[in-house]
Amino acid sequence: MTFSDAVWTAAGAGLILLMLADVLYTLLYPHGSGPVCRAIMRGFWHVSRTVSGRSSAFAAPAAMAAVIAAWAALAVVGWAFLYLPHLRDGFVYADGVPQEGNFSEALYISMVALSTVGFGEIVAEDAGLRLLTASEAITGFGLLTAAVSWILQAYPALGRRRALAHELNLLREASGPEGLTPLDPHHAAGLLESLARQVSLVSIDLLSFYESYYFHEVQERGSLPDTVSYAQQLADDAQRSGDPELRFAGRMLTSALDDLAQVLRNRFGHSGATSSAVFDHYAVHHRHRRVRAGRTP
């Protein structure tokens, strides 16, 4: 093997390992996201905000499609680099098929193998190359499965976040300026404990499904950035209550909200010394609240 062949092989192996690591880290690691996925999600998000002046509802779905395309491109190019040194003597060509031996031909072989199409006009002759093309076909099937699984995992997390936002909106409309004060303390405590559980689930979703953060809600009723401050108001009111059960529920909700603010601060870079400041920055960042003087999103 010549030096150039070794370089192509090393580059191909590196791209394939990057693709595999990104897929595994994004889908299987509990609180992770691969560097390729993270860069693309952030890039689409910032571009949409720069171009339109606000977050776009199409940015996150388009970014997920771009991530899947990037995984496929890394796999295709990586395997093409592995095939390139062996095009002249490692493959058998059918009659009438020109043997070009260039990178475009290696890309074609890689794409056919990854997509499991298998036209059969170019077939690996060497036993090692046959195993390599079979491995790429298996990877292609796995990549398709991973992409579908990723999409199916993300949307339930979005549903839980939207459900929490809708419930907070319903409570705000039904209770009015008096809040939960007119309610029986036991009933009010049950509502707050239910909210605390839902807030905790949203925190876990943001840790486990990094991409879910970048989905922007068109309607403010389903937007958690627009409604989470009301949950904090309910928690503060409950902690001033004379009923011990309601005070405990208020502390429980406050703790869940503090955990959510910590996730937003540490994982997504929202500034603020207090949970209220973090939530205010969160709302501004998603453009459901006007930017205050002296504050940047």
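Which helices and strands each supply at least two residues of the lining of the largest pocket? In this predicted model, the elements that do so are H4, E2 and H5. Of these, H4 gives the most to the lining, with 4 residues. The pocket has a volume of about 250 Å³ and is lined by 16 residues. Ile 109, Val 112, Ala 113, Gly 118 and Ile 122 lie nearest its centre. By class, the lining comprises 11 nonpolar, 4 polar and 1 charged residues.

Between helix H4 (103-114) and strand E2 (122-124) runs a loop that holds Thr 116. Most residues other than glycine have a negative phi. Thr 116, although not a glycine, has a positive phi of about 60°.

Phe 91 belongs to the largest nonpolar core, which has 74 residues. Together with Met 41, Leu 192, Leu 260 and Leu 264, Phe 91 is one of the residues with the most contacts inside that core. Helix H3 (residues 59-83) gives the most to this core, contributing 13 residues.

Helix H5 spans residues 127-175 and contains Ile 138; Arg 161 also has its place in H5. The two residues can be read against the accessibility cut-offs. Ile 138 has a relative accessible area of 63% and is therefore exposed, since exposed means over 50%. Arg 161 has a relative accessible area of 5% and is therefore buried, since buried means under 20%. With neighbours within four places in sequence left aside, the contacts of Arg 161 are Val 202, Leu 206, Ser 212, Tyr 213, Phe 215, Glu 217, Leu 224 and Tyr 282. As for Ile 138, its C-alpha is 34 Å in space from that of Arg 267, and 129 residues separate the two in sequence.

Helix H1 (residues 3-27) has 25 residues, and the distance from its first C-alpha to its last is 36 Å, close to the 36 Å expected at 1.5 Å a residue. The buried residues of H1 are Asp 5, Gly 12, Ile 16, Met 19, Asp 22, Val 23, Thr 26 and Leu 27.

Key:
Residues are numbered from 1 along each chain as its sequence is written. This is a predicted model: local features need pLDDT of at least 70, side-chain atom pairs count only at pLDDT 80 or more; totals for chains, interfaces and linings use all residues. Side-chain values use heavy atoms; hydrogens and water are left out. A nonpolar core is a set of buried Ala, Val, Leu, Ile, Met, Phe, Trp, Tyr and Cys residues joined through side-chain atoms within 4.5 Å. Buried means under 20% relative accessible area, exposed over 50%, partly exposed in between (1.4 Å probe, protein chains only). The expected span of a helix is 1.5 Å times one less than its number of residues. Contact means heavy atoms within 4.5 Å. On a 1 Å grid over the protein atoms alone, a cavity is a set of points where a 1.4 Å probe fits but cannot get out, and a pocket is an open set with protein on both sides within 12 Å along at least five of seven lines; lining residues have an atom within 4 Å of a point. Grid points are joined across faces, edges and corners, and a volume is the space filled by probe spheres set on the points. Ala, Val, Leu, Ile, Met, Phe, Trp, Tyr, Cys and Pro count as nonpolar, Asp, Glu, Lys and Arg as charged, and the others, Gly among them, as polar.
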